Amino acid sequence: MTMVQDDLSDEAPDEFPVRRIKFSINGRKKLAEVEPRLLLADLIRRGVGLTGTHRGCDTTNCGACTVLVDGRAIKSCTMLAVQVDGREVTTVEGLATASELHPIQEGFKQEHGLQCGFCTPGMMLAAKELLDRNPNPTEEDVRWAISGNLCRCTGYQNIVKSVLWAAAKLRAEG
Amino acid sequence: MTTTADASRALDEIKIGGLGSSRKRVEDDRFIRGKGNYTDDVVLPGMLHMEILRSPLPHARIKSIDASRAWALPGVRLVLTGEMMATRNLAWMPTLSYDTQAVLATDKVRFQGQEVACVIADDPYIAKDACELIDVDYEPLPVIVNPWQGLEPDAPVIRDDKVNQTDNVVYNWEVGDRAGTDRAFERADVVSKLELHYPRSHPSPIECCGSVADFNRATSKLTVYMTTQAPHIIRAAVAMVAEIPEQMIRIISPDIGGGFGNKVPIYPGYVCSILASILLERPVKWIEDKTGNLISTGFARDVYLKGEMALRRDGKILGFRMHTDADHGAFFADAQPSKFKIGLMHSTFAAYDVPVAHLTARGVYTNKAPGGVAYRCSFRVTEAMFFQERMMQAAADDLGMDQAAFRRMNFVADDDFPHRTPLGFLTDSGQYAKCLDVGLKAIDYENFKVEQAEARKRGRLLGLGISTMTEPLGAGNSREYDILGIKMFDSAELKVHMTGKAILRTGAKTQGQGHETTWAQIIAHELGLPADDVTVEEGDTDTAPFGMGTYASRSTPVAGAAVAMVARKIRAKARKLAAHLLEVSEEDIEWELGRFYVRSAPQRGVSIQECAMAAYSNMPDGMEPGLENTAYYDPPNLTWPFAVYIVTVEVDPETGVWDVLKMVAVDDCGVRINPMIVEGQIMGGLTEAYAMASMQFITFDADGNCVGSNYMDYLLPSAWETPGFELHSEVVTPCPHHPIGAKGIGECAAVGGPAAFVNAVMDALGETGVRNIDMPVLPDRVWEALTYRRDVSGFPPVRQD
Amino acid sequence: MFPSRFRYEAPHSLDEAIGLLHDGGDYVKVLAGGQSLVPMMKLRFASPEMIVDINNLPGLAYHRTDPDGSLRIGALCRHADLERSDLLKGAQPTMAAAAPLVADPLVRNRGTLVGSLCHADPQGDWASVMLALGGSVIAQGPAGKRAIPLAEFVTGPFQNVLEHDEIAVEAVVPAARGVRSGGYLKLERRVGDFATVGVAVAIETSGTTVVRAGIALTGVGGSTIGATEAAQALTGKPLTADGIAEAAELAAAAAQPRTDHRGTAEYKRQLVRVFVKRILAGSQGAAATGEPAERAA
């Protein structure tokens, strides 16, 4: 597949060269050439074309951009794309398998853990990191784990219930 | 003879997802997969990116703008300034309140963050770089950060662009019976007074505003994807401003990441992106950043109250007066019904049986963003109910009466509906005292009072706050309500296909309220079609019937009613088809859920699906084929849900920090279409109430700098601070004039909630004599009130060393 | 929202990193967690010409107690590692109390303690903790390593004494001379908010006598404030209610708060007073039993 773009080489200075990076996203290996200043969130949304990761604020507060890098939940708006060179990125699109939703996704639907859906991908990935580490969290543990993800619609109560539902299902599945 | 019961084959309404079913949400399927389609997810071939340059100064003359360095940056396609817009008569645009608003500043900037220029480039990063290369020469002017500064005799006139504007007053307005109210005050045993400020807040959905404008020169059609809660209003406005015929404009509101009123107004960014697309003949995407959203888009509240209540010694309210001063920012751009300058502020005290009242209101221009009416409220009803419950709290204290008893004795009685309020509203129904009983029991009221007294002896400050209110939803009837002259009806179009599956489109626009799930439930209720068989679409003006959108909790009362009405039109036609299929006359046909049958032979019947098939294949002579219809609903009146919110708190006297011990909500919103979704709406509203009461506000320093233009300063509570909520739904008083008895719920908790939290903290401070701490009731304000035994106000400018 | 352009290097050895800083030019920044630097770059408050990303340097993600009893925290040790550390629970009460209060859980997964010290934000939590503990920063440059006590490390808001070609590789907390107690209290209006006021108290007792005390204040001055008089007033005697009250007053007097949208100067002083008292009251309990104090929250 060939990518075509405008040739600005006559106009654009070459003092800030692009970098070639290799990374994997949701299990697929990718190659990219990026400006160092490109934010990871933009690599995911505009480069790879996965728009489930959202941009909400400009001060690293809201967490709508949360993804997992090497299994750790981080805010992708505050990481440079070049920093995932050699790393594994998981976005919301990587939660489900071809045939099944992840229990966390099921939990959010069962317990009405979303309304507008904008904060939801970030919430689910923060929850995933929690459940990977602590399969039997208390309500307090859940509230603490998602305290870096803001929601305006739900009041959080059903989000907590959704995560606890998922925890119970994951424990039952062994 | 068989009884109807024996032969009944009515469907189980809950099983098919009808009214009262907590059906799981249809929209979830795409959101949990990350497959929502929000405006920033829209990518069109050849799309360019727009960034706005904003003014760093709150009030300044523009001496010159030099964009030459921006034009020279590789990848920049267009730079727009106010001067360029003016040549096309687009530098100013009309607002929804019959004022004008700058699109890009020409002569002056009038608030910090105002749009001055915009750059369209190949990539958003380049567009941002180019904005930094635009040189603007400003000449600073004196700044106005509150209405009192604006009303000083020597204050600079902010709107010197308006021909007859000699001061900073936007309007004066009044309603009620001045003479009668004066007489009530003369007769009063006790007069209770309260002054406070409801601070500037911002709806701040997580998703910012944005648009992707796509003008196709080949077809002359303009398509705009945008974050709007009211796509048809936008189409009408764009048609006016851009002078393009309406059928050549397609507004598509895709998935919206929260609205809360922030996505109703028309913003300069939309207009610039549309013009840029027309000029460049390529799609142009504009997505604002959070700072742009907080500093320049439709804010909420910022109203000052002077309230007085005339009271009889036994606690009966004889009358009340209110004067409100609204800080409107630099342009009067409220999206509200045109007849009401102060929105529905005069719905205040509607829950109480008050014989007479008088309200005066004034609006003032200041150097701040335009707006005022947004944020999960019907047009200033949040202010109305907050003022009401804060005044009620003060009045009960002044009388030495119990807070619950004082409210109860003044409630409108259950048999007194419809009830005319002293300021001109007609409330429809309610069981107020019963709701209060439920709430008091749930919070264990009597026990709490005992606990509170015991704790006080040990130096611990516990407090309990009550807020009770009824508020108007579902604006509104065409006699009184219009926006820009367009009446506020709403619409639903239903097409039942031959296999009995259906598609429903309405003029509303969901932003998380779950319309795709709930409207289908109304169809299931009216027609017996399983909700799963009904697809719901909203938001595309090419396909949706004309409606005024979703805000002010108007969807269930108005669009929901239209959904019921169109279903009934369909059912009426299906009845004729059934008669034809059953070979009887229509008078012999009865209906049960999902089925028409012969009254005298109930086992003979046809399903609604069979009628649908017949509409295309077996019509009676003279009947038009098809089973489709549209309904436009002009609500006969507003709807009036009622709520009781009770909060208990503990205040740490050494630090001023307060924690919520328990929060109880009793909501009577009539018939609940989907109880799960209704509860979700209440909890969302309570969170916003908690946020406004505890930490969330926008303020300004003495130089006009906005404090609260990003999430470091504009504080939204996380899951850690937000309390849990106990919700009650025992009391259901159907709306007498709504087709399915529903009243709506979206904003109730945001309207009634804040006063419950504030009243609780005031109660905890009860022994200090403090009457008011302005929201947000921050720890430092509580500490100051406690330590110095004085009221604490919070209006700008913020104190600084 | 987006940083301006810069050159970027991601070295794989410390020597390479130091070399890049040495030759890099006027405005080069080291990137570790990036949770303070990247936001500043996005708002264009910082526009370095070159970024040297040290995340690939091996062997810096540790935190451990050395045989001599000192606690050593490597440059790539994340706040979250400290928050979840069994090593800190019990043995390092001041640090254990502060770790969960830094920013929010997602930021804690990337941000580093050493990076936070270098960033020198007057509202940074770790600087107060390390100052109260008498900690130091180990810097490495072309000429080798040097240890810089915290008290000397920061010279003003966002300014530290590192040479342009030095990298902070480690933070060190000296071995205790007695049983540790203390804590960190912070008034934040919500998780992730900068501190209105933060107070770090680190006490070491031998028997009932305080043999070492440190008190440091966040958010009440142009940079972290060491309340040295208050700490000295506690040293050499048991903790008593009167002694605690005196230390609280001295700490409040050492603060240099400004009135702003977080509160008046007087209120902030009050918080200093209250937090010092509360932490020390918890320590008092610990000193009496000889057991390390629970997190004083």
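Which residue forms a salt bridge with C:Asp193? In this predicted model, the partner of C:Asp193 is C:Arg189, with the closest N and O atoms 2.9 Å apart; a salt bridge is a side-chain nitrogen of Lys or Arg within 4 Å of a carboxyl oxygen of Asp or Glu. C:Asp193 counts as buried at 4% relative accessibility, and C:Arg189 is buried as well, with a relative accessible area of 11%. Buried stands for under 20% relative accessible area, exposed for over 50%, and partly exposed for values in between (1.4 Å probe, protein chains only).

Residues are numbered from 1 along each chain as its sequence is written, and chains are lettered from A in the order in which they are written. Local features need pLDDT of at least 70, side-chain atom pairs count only at pLDDT 80 or more, and totals for chains, interfaces and linings use all residues, while side-chain values use heavy atoms, with hydrogens and water left out.

The secondary structure of chain A consists of five helices and five strands; helices (H or I, at least four residues) and strands (E, at least two) are DSSP runs, numbered from the N terminus. Along the sequence these elements follow the pattern β-β-α-β-β-β-α-α-α-α. The C-alpha trace of chain A spans about 60 × 30 × 25 Å along its principal axes. Chain A has 174 residues, of which 60% count as buried. Of the contacts in chain A between residues at least 6 apart in sequence, 59% join residues at least 24 apart, contact meaning heavy atoms within 4.5 Å.

In helix H1(A), the buried residues include A:Leu40, A:Leu43, A:Ile44 and A:Arg45. The buried residues of H1(A) pack against strands E1 (19-25), E2 (28-34), E3, E4 (72-75) and E5 (88-90) of chain A, together with H5 of chain B. Just after H1(A), A:Gly49 takes a positive phi of about 85 degrees. A:Cys65 is placed in the loop between helix H1 (40-48) and strand E3 (66-69) of chain A, and is buried, with a relative accessible area of 4%. Apart from residues up to four places away in sequence, A:Cys65 touches A:Thr53, A:His54, A:Ile74, A:Lys75, A:Ser76 and A:Cys77. A:Cys65 and A:Asn149 lie 84 residues apart in sequence and 9.1 Å apart in space, C-alpha to C-alpha.

Over all chains, the structure holds 87 salt bridges. One of these links the side chains of B:Asp41 and A:Arg45 (2.8 Å, N to O). B:Asp41 lies in the loop between helix H2 (28-31) and strand E1 (48-54) of chain B and A:Arg45 in helix H1 of chain A, so the pair joins two chains. Both residues, B:Asp41 and A:Arg45, are buried. A salt bridge also connects A:Arg72 with C:Asp81, the closest N and O atoms being 2.7 Å apart. This pair crosses from strand E4 of chain A to helix H3 (residues 79-83) of chain C. A:Arg72 is partly exposed, with a relative accessible area of 25%, and C:Asp81 is partly exposed at 22%.

C:Lys42, in helix H2 (residues 37-42) of chain C, is buried yet has no salt bridge; A:Asp58, the nearest side chain of opposite charge, is 7.4 Å away. For charge, Lys and Arg count as positive and Asp and Glu as negative, whereas His and the chain ends are not counted. The side chain of C:Lys42 reaches the backbone oxygen of A:Cys77 at 2.9 Å. Beyond neighbours within four places in sequence, the contacts of C:Lys42 include A:Leu39, A:Thr60, C:Met1 and C:Phe2.

At the interface of chain B and chain C, 31 residues of chain B are in contact with 27 residues of chain C. The two chains bury about 2,700 Å² between them, 57% of it on carbon and sulfur atoms; buried area is the accessible area (1.4 Å probe) that two parts lose on being put together, summed over both. B:Glu654, B:Trp783 and B:Asp801 supply 21% of the area that chain B buries against chain C, more than any other three residues. Four salt bridges are found across this interface, and B:Asp652 forms a salt bridge with C:Arg278, the closest N and O atoms being 2.9 Å apart.

Key: A polar contact is a pair of N or O atoms within 3.5 Å; within protein, one must be able to donate a hydrogen and the other to accept it, and residues adjacent in sequence count only if both atoms are side-chain atoms.
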